[in-house]
Amino acid sequence: MEVYQKSKKLAVELHDLSMKYPKFELWELGSQLRRAALSIPLNIAESKQFYEGNEKKQLNVAYGSAGETIAILDIIYDLKYINKEQCDRFTNELQQIQKILYVIIKRIKAC
C-alpha cells in the first residue's frame, strides 16, 4: 500500500529528528513522537492481517495516531525544537496520510 510506504518513511524521518532533541527530551517528547509516528505504519500493516471487514479499526487507530503526531509537532515547534518549515512539511505529509486513510476507511464502511 502506498499509504504504508509514505507513513513508514515519515516515521523513520521523525525518529531521526527526535534523536536530536536535548537529552532530557529523548525519553519524554522524543519517545512520544517516535511511538505516535511508528503507530501509523504499524497499524496499517496490522489492518491487513484481519479478516475482511475488521481492518477499519486498525486504520482508524492509524488515522488517530497521525493526528497525535501532528499535535506533538505543534508542541515541539512551540518549544523551538523544529522550525516552521519542518513543522509545515511534516504536518502536510501527515494530513495527506490522513486523507488517504479516510478514503480507505470510507470504502471499507461502504462495503
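**Entry 1: words first.** I call a residue buried under 20% relative accessible area, exposed over 50%, and partly exposed in between, using a 1.4 Å probe and protein chains only. With that in hand I looked up Tyr21, which is buried at a relative accessible area of 6%.

**Entry 2: what I am looking at.** This is a predicted model, where local features need pLDDT of at least 70, side-chain atom pairs count only at pLDDT 80 or more, and totals for chains, interfaces and linings use all residues. Residues are numbered from 1 along each chain as its sequence is written, and side-chain values use heavy atoms, with hydrogens and water left out. I noted that pLDDT is the predictor's confidence in each residue, from 0 to 100. The chain has a mean pLDDT of 92, and 94% of its residues reach 70 or more. I took helices as DSSP runs (H or I, at least four residues), numbered from the N terminus.

Entry 3: Where does Tyr21 lie? I found Tyr21 in the loop between α1 and α2. I also checked Gln5, 16 residues away along the chain: the C-alpha atoms of Gln5 and Tyr21 are separated by 25 Å.

Next I looked for aromatic pairs (ring centres of Phe, Tyr or the six-membered ring of Trp within 6.5 Å; planes under 30 degrees apart are stacked, over 60 edge-to-face, the rest tilted). The structure holds 1 aromatic pair. Tyr21 and Tyr81 make this tilted pair, 5.2 Å centre to centre with 35° between the planes. Tyr81 sits in the loop between α3 (55-78) and α4, and Tyr21 in the loop between α1 and α2 (29-47), so the pair ties together parts that are 60 residues apart in sequence. Tyr81 counts as partly exposed, at 23% relative accessibility.

**Entry 4: the core.** Which residues touch the most other members? Of its 29 residues, I found that Leu14, Leu73 and Ile76 do. Each of α1, α2, α3 and α4 supplies at least two residues of this core, and α4 gives the largest share, 8 residues. A reminder for myself: in soluble globular proteins, nonpolar side chains tend to be buried together.

**Entry 5: salt bridges.** I counted a salt bridge when a side-chain nitrogen of Lys or Arg is within 4 Å of a carboxyl oxygen of Asp or Glu. How many salt bridges does the structure hold? The structure holds 4 salt bridges.

- Lys9 and Glu13 meet at 3.1 Å, N to O; both lie in helix α1, 4 residues apart, about one turn of the helix.
- Glu13 also bridges to Arg89, with the closest N and O atoms 2.7 Å apart. This pair links distant parts of the chain, with Glu13 in helix α1 and Arg89 in helix α4, 76 residues apart.
- Asp88 and Lys84 form another, with the closest N and O atoms 3.2 Å apart; these two are 4 residues apart in helix α4, about one helical turn.

I then checked exposure: Lys9 is exposed at 55% relative accessibility, while Arg89 is partly exposed at 36%. I also saw that Lys9, Glu13, Arg89 and Glu93 are linked in a network of salt bridges.

Methods
Core = buried A, V, L, I, M, F, W, Y, C linked by side-chain atoms within 4.5 Å.
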